[in-house]
Amino acid sequence: MQMNVQLVPFLIACLLSTVYSEDSEEFCYNSPGCNATTWPIAQLYCNGTRQSPINIVTADVKSDSNLTAFSFTGFNDSSTLRNINNTGKSVIIDLEGKKMSVSGGGLQNTYTSEEFHIHWGNGSSFSGSEHTVDGKQYAMEIHILNLRSDVSVAAANDSTAYAVLGFFIEATNDSGKPESWKNLTSFLSNISKKGDSFDIMNQLTVDSLLQGVDRTKYYRYLGSRTTPPCNEIVVWTVFKDPVKVSKDLIDLFSNTVHINTTADPFITNNHRVLQALNGRVVTSQPTSSANTTSSANTTSSANTTSSANTTSSANTTSSASTLHHTLSISTALLCYVLFWCL
């Protein structure tokens, strides 16, 4: 029996979408035969040239004056966080897209916020951020996924379909801080198994989870989703300041939520390996070199003026002293002459 040749590509596509769907056991992080290094074998985009995450080398970052401040809508609204979910790969929080959006920051469109998820290592002692900066890996990383508002479904060839906001989480030695993260992690026990979901509406805001971050300072580059099928359709923003969270709260992610049932291992090290930059350019806001130069010039001018004033004062004092000495001698001679004449 001969198979219709035209059906082959269709069957292959169906097979790949089945075997490597996000819910498939084949998409995993830690199994010896199935981890992030095996994704490119069957995924069309995972071995592309615009992949994420990357290591950001600060010495190579170029300045871009278009990277201005963002406008965040709904990030301070507690009704925008709907459910917290265990996908077996990560913890995902569903967002109310009709209320949340982001614009500005050099983005060419408004983007609607869909969800955010978290990547971590194995406890606070084993870092798990996906991006790194000059080789430094942070404890965890949040990704807020935003879909461009003028598209309903992201096309594989639409290079700016998504804008993902990445925030580093840095571990501290405090206990139970900040309060917003203590609140968030308290829900993890309700989603210990894969497929569990828990309503968290009106419990906290996205802003409260990002406290301490200067959102005007960030890196920008073009990349991909960091999970299969790794579509190269993301405008990445990675913020420079980390969110600071105590170690005890970070540890809860790797000892509370499981990859399947409670009899299965915990979700750990759910971060992809670093990808090659392949000639891409990472940009950021221009540094305030002009202000530094102006400050240096002002200081130099002040020092010069001060020096000149000091020199002038010294010269004036010296001149006055010489004049006083001359007058003293003249007076003595006049008195001597008058004495002998009289």
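## His-258 in its loop

Let's start with His-258, which sits in the loop between α4 (247-251) and β18 (283-284). Helices (H or I, at least four residues) and strands (E, at least two) are DSSP runs, numbered from the N terminus. This is a predicted model, where local features need pLDDT of at least 70, side-chain atom pairs count only at pLDDT 80 or more, and totals for chains, interfaces and linings use all residues. Residues are numbered from 1 along each chain as its sequence is written, and side-chain values use heavy atoms, with hydrogens and water left out.

With a relative accessible area of 7%, His-258 is buried (under 20% relative accessible area; 1.4 Å probe, protein chains only). Its side chain reaches the backbone oxygen of Asp-264 at 2.7 Å. Leaving aside neighbours within four places in sequence, the contacts of His-258 (heavy atoms within 4.5 Å) include Asn-86, Ser-192, Lys-194 and Phe-266.

Now for Leu-67, found in the loop between β4 (62-63) and β5 (70-73). Leu-67 is buried too, at 5% relative accessibility. Not counting residues up to four places away in sequence, Leu-67 touches Gly-105, Gly-106, Tyr-218, Arg-220, Thr-283, Ser-284 and Gln-285. Take Thr-283: Leu-67 and Thr-283 are 216 residues apart in sequence, and their C-alpha atoms are 8.4 Å apart in space.

## A three-stranded sheet

There's also an open sheet of three strands, in the order β3-β10-β11, with mixed pairing. Its edge strands, β3 (55-56) and β11 (136-137), each pair on one side only. Two strands pair if DSSP finds at least two bridges between them.

Strands β3 and β10 (residues 132-133) run parallel, joined by two bridges. Asn-55 has Thr-132 as its bridge partner in β10.

Definitions and conventions. Buried means under 20% relative accessible area, exposed over 50%, partly exposed in between (1.4 Å probe, protein chains only). A polar contact is a pair of N or O atoms within 3.5 Å; within protein, one must be able to donate a hydrogen and the other to accept it, and residues adjacent in sequence count only if both atoms are side-chain atoms.
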